[in-house]
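Have a look at the sequence and the fold, then read on.

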Amino acid sequence: MQLIMLQEIHALDRDAPAARPDVDDEATESPSDQEEADPAIRCAACGHILTRPRHRRSIDGKSDHVFTNPHGYTFRVLCFAEATGVGAVGTPSTEWPWFPDYEWRVATCRGCMAHVGWAFDKGDERFWGLIAAQIDGPI
């Protein structure tokens, strides 16, 4: 009886798509899905889809910025309105802001947790600044 029930459950699972509310469908696509029509920007460390070029956003008149932090590290930062494959971690900070009036948090790849940039928030407004050296794809 137990074996039959397991077989029935397995058959149902095979026929229905897996429901995983914690995983974004776009972020789990294989590299060949939609690449020609809508290429993906991926994490350089693991290949996880972070965003797409259509989500680029202009901040202070451009979407491509170069900044140097107080420790002397220089970053080329590309701005995106959406980055579903990225998560913000840590406590928001206003120390050494690259974008006035925005708080920032470290942004990591949802696939491997590599540091890929920063989330910038001002009230309900958010954009993502991704480090060009940490991403692959059309930038």
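This is a predicted model: local features need pLDDT of at least 70, side-chain atom pairs count only at pLDDT 80 or more; totals for chains, interfaces and linings use all residues.

Residues are numbered from 1 along each chain as its sequence is written, and side-chain values use heavy atoms, with hydrogens and water left out.

**A sheet of three strands**

Let's start with the strands, which are DSSP runs of at least two residues (E), numbered from the N terminus. E2, E1 and E9 make an open, antiparallel sheet in the order E2-E1-E9. Strands pair here if DSSP finds at least two bridges between them. Strand E1 (residues 41-43) and E9 are joined by two bridges, and Cys 43 sits opposite Ile 135 in E9.

**A buried arginine**

Arg 52 belongs to the loop between strand E2 (49-51) and strand E3 (64-68). Is Arg 52 buried or exposed? Its relative accessibility is 0%, so Arg 52 counts as buried (buried is under 20% relative accessible area, exposed over 50%, partly exposed in between, using a 1.4 Å probe and protein chains only).

The side chain of Arg 52 also has polar contacts, meaning pairs of N or O atoms within 3.5 Å; within protein, one must be able to donate a hydrogen and the other to accept it, and residues adjacent in sequence count only if both atoms are side-chain atoms. A polar atom of this side chain lies 2.4 Å from the backbone oxygen of Asp 38, and the side chain reaches the backbone oxygen of Pro 39 at 3.4 Å.

**Rings together**

How many aromatic pairs does a search of the whole structure find? The search turns up nine. Rings of Phe, Tyr and Trp (its six-membered ring) pair if their centres lie within 6.5 Å; planes under 30 degrees apart are stacked, over 60 edge-to-face, and the rest tilted. Phe 67 and Trp 98 form a stacked pair, with 4.8 Å between centres and 5° between planes. Phe 67 lies in strand E3 and Trp 98 in the loop between strand E5 (86-93) and strand E6 (103-109), so this pair ties together parts 31 residues apart in sequence. Both Phe 67 and Trp 98 are buried.

Phe 75 and Trp 118 have ring centres 5.1 Å apart and planes at 85°, so they are edge-to-face. Phe 75 is in strand E4 (residues 74-80) and Trp 118 in strand E7 (residues 115-122), so this pair ties together parts 43 residues apart in sequence. Phe 75 counts as buried at 17% relative accessibility, as does Trp 118 at 7%. Ring pairs link these residues into a cluster, whose members include Phe 99, Tyr 102, Phe 120 and Phe 127.

With a disulfide taken as a pair of cysteine sulfur atoms within 2.5 Å, the count is zero. Cys 46 is in no disulfide, and its nearest cysteine sulfur, in Cys 109, is 3.6 Å away. The sulfur of Cys 112 is 3.7 Å from its closest cysteine sulfur, in Cys 46, too far for a bond.

Most residues other than glycine have a negative phi.

Technical notes. Helices (H or I, at least four residues) and strands (E, at least two) are DSSP runs, numbered from the N terminus.
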